[in-house]
Amino acid sequence: MKKLAAATLITLAASGAAYAAETSNGADDLPVAASSLAMVAPALEKYRKETLAGRLWQNGALSTRDRSIVTISVMIARNQTAELDQQLASALDNGVKPAEISEIITHLAFYSGWGNAIAAANVARDLFEVRSVGVDQLPTASPTLLPIDRKAEDVRAASVQNNVGPVSQSLVDFTGDVLFKDLWLRPDLAPRDRSLVTVSALVASGYVGQIPFHLNRAMDNGLTQEEASEVLSQVAFYAGWPAAMSAVPVAKGVFEARRK
Amino acid sequence: MKKLAAATLITLAASGAAYAAETSNGADDLPVAASSLAMVAPALEKYRKETLAGRLWQNGALSTRDRSIVTISVMIARNQTAELDQQLASALDNGVKPAEISEIITHLAFYSGWGNAIAAANVARDLFEVRSVGVDQLPTASPTLLPIDRKAEDVRAASVQNNVGPVSQSLVDFTGDVLFKDLWLRPDLAPRDRSLVTVSALVASGYVGQIPFHLNRAMDNGLTQEEASEVLSQVAFYAGWPAAMSAVPVAKGVFEARRK
Amino acid sequence: MKKLAAATLITLAASGAAYAAETSNGADDLPVAASSLAMVAPALEKYRKETLAGRLWQNGALSTRDRSIVTISVMIARNQTAELDQQLASALDNGVKPAEISEIITHLAFYSGWGNAIAAANVARDLFEVRSVGVDQLPTASPTLLPIDRKAEDVRAASVQNNVGPVSQSLVDFTGDVLFKDLWLRPDLAPRDRSLVTVSALVASGYVGQIPFHLNRAMDNGLTQEEASEVLSQVAFYAGWPAAMSAVPVAKGVFEARRK
């Protein structure tokens with residue numbers, strides 16, 4: 001583990017230098033991955049440059065900062081650690097603060113599982129060392145929480161109590177106490193960004209039944225329909241077409257319902 | 001591979017000592033992971049101590065042994081190897097026998113895929129070395145099988161023949177010969193625990209359509225509704241909320257049908 | 001990273017020798033994995049020999065070459081890297097050309113996500129070095145594409161425009177420009193094999209809603225119903241029973257509709 005971390009550190013140091021030299025579009029590979037593409041799939045190197053870096057990441061319908069948030073959320077939700085170090089590095093280059101990366105990993109511990117968050121934290125730790133990100137740049141464990149929207153929370157709580165209560169009261173209680181009255185109110189990741197992370201993870205993992213609530217919440221939190229539409233394209237490339245295509249019908253239902 | 005295994009061995013040896021020192025609630029991190037949390041997400045360290053160790057694992061509705069079985073099943077089913085070594089170690093501390101861990105990995109080779117089991121076996125091998133678990137403590141390859149419930153098996157076989165036969169007869173044959181007339185009858189993991197492993201993997205992987213048959217089988221095998229309800233909370237933390245929430249409606253249907 | 005690659009190289013070199021010595025049925029483990037089974041789950045070693053190597057891979061309903069294509073597609077789609085090196089090695093032994101492996105990884109970058117493809121490319125790179133597979137054996141980045149079936153493409157394009165257009169026009173555009181007018185027309189992987197890869201990935205990942213279109217396309221491209229049925233059994237062993245069983249109803253629907 002230590003040996004590997006050390007080796008990764010070296011690789012990252014090298015790539016860290018590379019990042020300084022070029023604009024970061026999140027689609028630049030680490031030396032090791034780049035050589036893998038050259039020696040295994042030259043076509044992927046072409047798609048990386050022309051389609052990802054040259055077209056997807058250039059589309060202003062979603063900012064590069066948002067694209068980085070979607071991409072690292074997909075990779076953490078799907079436990080895709082192979083390129084996570086590089087995507088976290090370009091996220092920093094694209095304006096995602098270390099404190100926000102810390103909160104994204106924390107948020108996904110609850111939305112994609114504890115083990116996924118631990119794997120991501122192990123990768124982020126090496127990057128933070130390379131980028132000299134100190135604990136002073138991270139959110140504290142117990143910050144002053146954002147004020148809660150009591151009305152919306154009462155509606156949510158009643159709905160979950162009604163639907164989940166008969167099956168698992170402890171799940172109802174944890175959902176309120178830990179997620180909506182605590183995690184979602186942590187101040188170092190804006191509610192709109194927290195929703196972007198959640199929706200990206202849901203689409204990337206195929207949990208279509210959970211999308212309506214969170215896509216509506218995301219749009220209530222400020223995500224525009226144009227941005228939400230573009231999130232589907234970003235997820236298509238990083239989680240695969242089937243994940244994005246499976247989310248289209250439910251997204252359509254949400255968009256139509258909000259127009260009325 | 002060898003180098004990595006060696007490094008892991010050292011890490012585990014260290015943590016192995018730690019485990020001897022503290023009660024094991026399955027939510028204690030390896031030194032490396034713990035430092036990742038401290039250096040990346042102090043909030044996760046707080047949730048680990050207060051919410052996981054302090055609340056979830058303390059809830060007597062499900063024993064710590066059962067919680068360990070659910071947790072390692074989730075991690076194997078989702079290929080979350082980052083913390084699997086530590087969860088396997090605490091499973092041993094919580095009374096899950098090495099022979100049972102061996103059977104859980106074998107069972108999940110069929111319920112979450114061969115590659116997931118190989119990854120888990122690689123992690124367990126290092127732990128078994130650290131804990132001096134010898135082959136004499138493992139189930140033999142071909143033990144005397146438990147007696148089969150002929151009546152229940154005939155019903156299952158007829159149903160699968162009817163539904164799957166027209167699509168893939170070889171899948172029907174393997175399901176009977178390898179799973180229900182062999183794997184499920186292996187004596188070193190109780191049918192109730194085998195069902196607990198299966199249901200945990202199904203919920204963690206989002207295969208809701210497969211839950212009714214196996215949740216009913218689990219309850220027929222002795223899992224109580226209170227325990228099944230608590231499994232959903234345990235899975236929520238280790239596989240993510242969307243997995244648990246997606247399983248709620250089908251679990252509700254099973255609970256209601258059994259009341260009639 | 002480098003250290004790990006080096007270690008893997010050694011392991012592969014050793015196993016590479018092993019492969020020369022025995023027929024490859026894709027169910028032979030690397031020394032390290034084999035020792036894990038012996039030291040953790042002797043039952044899995046028995047299933048590997050008797051059920052996988054002795055029965056599944058011997059069933060002529062699907063060729064060993066096709067079984068290798070299905071197996072590596074499942075492992076890449078599910079990010080199961082633990083045994084991917086060995087399965088890629090036996091794929092070569094079973095007649096899957098290095099150029100085809102390169103295209104399979106490229107294809108799955110779009111059907112299971114960029115990060116999954118990068119992880120697979122890292123593994124394949126080490127194997128290609130061991131097997132002395134040079135860049136001259138790989139497809140070029142921009143080869144002459146196969147002729148497109150204009151009529152079928154117009155139908156597909158109209159359907160996607162109609163269903164996806166109102167939700168994400170950029171997803172519609174990428175689907176046409178990058179997938180069906182480019183990726184699917186790359187000549188180094190036959191359309192029938194490309195469909196086999198796609199269907200295997202869809203079943204392995206539980207995207208049942210996407211199966212009808214691609215299973216029909218696979219059969220239009222030459223996959224027989226007998227082969228498609230056997231794909232379900234192959235996927236059951238490598239992605240787990242729940243994945244295969246969840247695909248049975250939709251496969252049945254496709255088979256019945258094509259009979260009319």
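## Polar contacts between the domains of chain A

A polar contact is a pair of N or O atoms within 3.5 Å, where, within protein, one atom must be able to donate a hydrogen and the other to accept it. By that rule, five residue pairs, both members at pLDDT 80 or more, are in polar contact across the interface of domain 1 of chain A and domain 2 of chain A. The structure is a predicted model, and no salt bridges accompany these pairs, the count between the two domains of chain A being zero.

## How the two domains of chain A meet

Domain 1 of chain A is made of the segments 2–34, 43–145 and 182–259, while domain 2 of chain A covers 146–181. Their contact draws 14 residues from domain 1 of chain A and nine residues from domain 2 of chain A. Between them the two domains bury about 930 Å², and carbon and sulfur atoms give 67% of that area. On the side of domain 1 of chain A, the residues that lose the most area to domain 2 of chain A are Phe110(A), Asp182(A) and Leu185(A), which together make up 45% of what that side buries.

Two helices of chain A, α6 (98–111) and α11 (211–220), each supply at least two residues of the side of domain 1 that touches domain 2. Of these, α11(A) provides the largest share of that side, with three residues.

## Relation between the chains

Two copies of a chain are related by a rotation about an axis and a shift along it. Here chain A is superposed on chain B by a rotation of 120° with 0.0 Å of shift along its axis, leaving an RMSD of 0.0 Å. That is the relation of a three-fold axis. For chain B laid on chain C, the turn is likewise 120° and the shift along the axis 0.0 Å, again with an RMSD of 0.0 Å.

## The interface of chain B and chain C

At this interface, 52 residues of chain B are in contact with 54 residues of chain C, and the two chains bury about 4,400 Å² between them, with 66% of it on carbon and sulfur atoms. The rule for polar contacts finds 20 residue pairs across the interface of chain B and chain C, both members at pLDDT 80 or more.

The side of chain B that touches chain C receives two or more residues from each of α1 (2–21), α6 (98–111), α7 (114–130), α8 (150–164) and α9 (169–180) of chain B. Among these helices, α7(B) gives the most to that side, with 12 residues. By type, the residues of the side of chain B that touches chain C comprise 29 nonpolar, 15 polar and eight charged.

## Salt bridges

Side chains of opposite charge can pair when their charged atoms come close. Over all chains, a search of the whole structure finds 57 salt bridges, and the count between chain B and chain C is two. One salt bridge joins the side chains of Asp182(B) and Lys46(C), at 3.7 Å from N to O.

Within chain A, the side chains of Lys49(A) and Glu45(A) meet in a salt bridge of 3.5 Å, N to O. Both Lys49(A) and Glu45(A) belong to helix α3 (residues 42–56) of chain A, where they stand four residues apart, about one turn of the helix.

Methods. Residues are numbered from 1 along each chain as its sequence is written. Chains are lettered from A and ligands numbered from 1 in the order in which they are written. This is a predicted model: local features need pLDDT of at least 70, side-chain atom pairs count only at pLDDT 80 or more; totals for chains, interfaces and linings use all residues. Side-chain values use heavy atoms; hydrogens and water are left out. Copies are superposed by least squares on the C-alpha atoms of residues with pLDDT of at least 70 in both. Contact means heavy atoms within 4.5 Å. Buried area is the accessible area (1.4 Å probe) that two parts lose on being put together, summed over both. A salt bridge is a side-chain nitrogen of Lys or Arg within 4 Å of a carboxyl oxygen of Asp or Glu. A polar contact is a pair of N or O atoms within 3.5 Å; within protein, one must be able to donate a hydrogen and the other to accept it, and residues adjacent in sequence count only if both atoms are side-chain atoms. Ala, Val, Leu, Ile, Met, Phe, Trp, Tyr, Cys and Pro count as nonpolar, Asp, Glu, Lys and Arg as charged, and the others, Gly among them, as polar. Domain bounds come from an automatic or database domain assignment.
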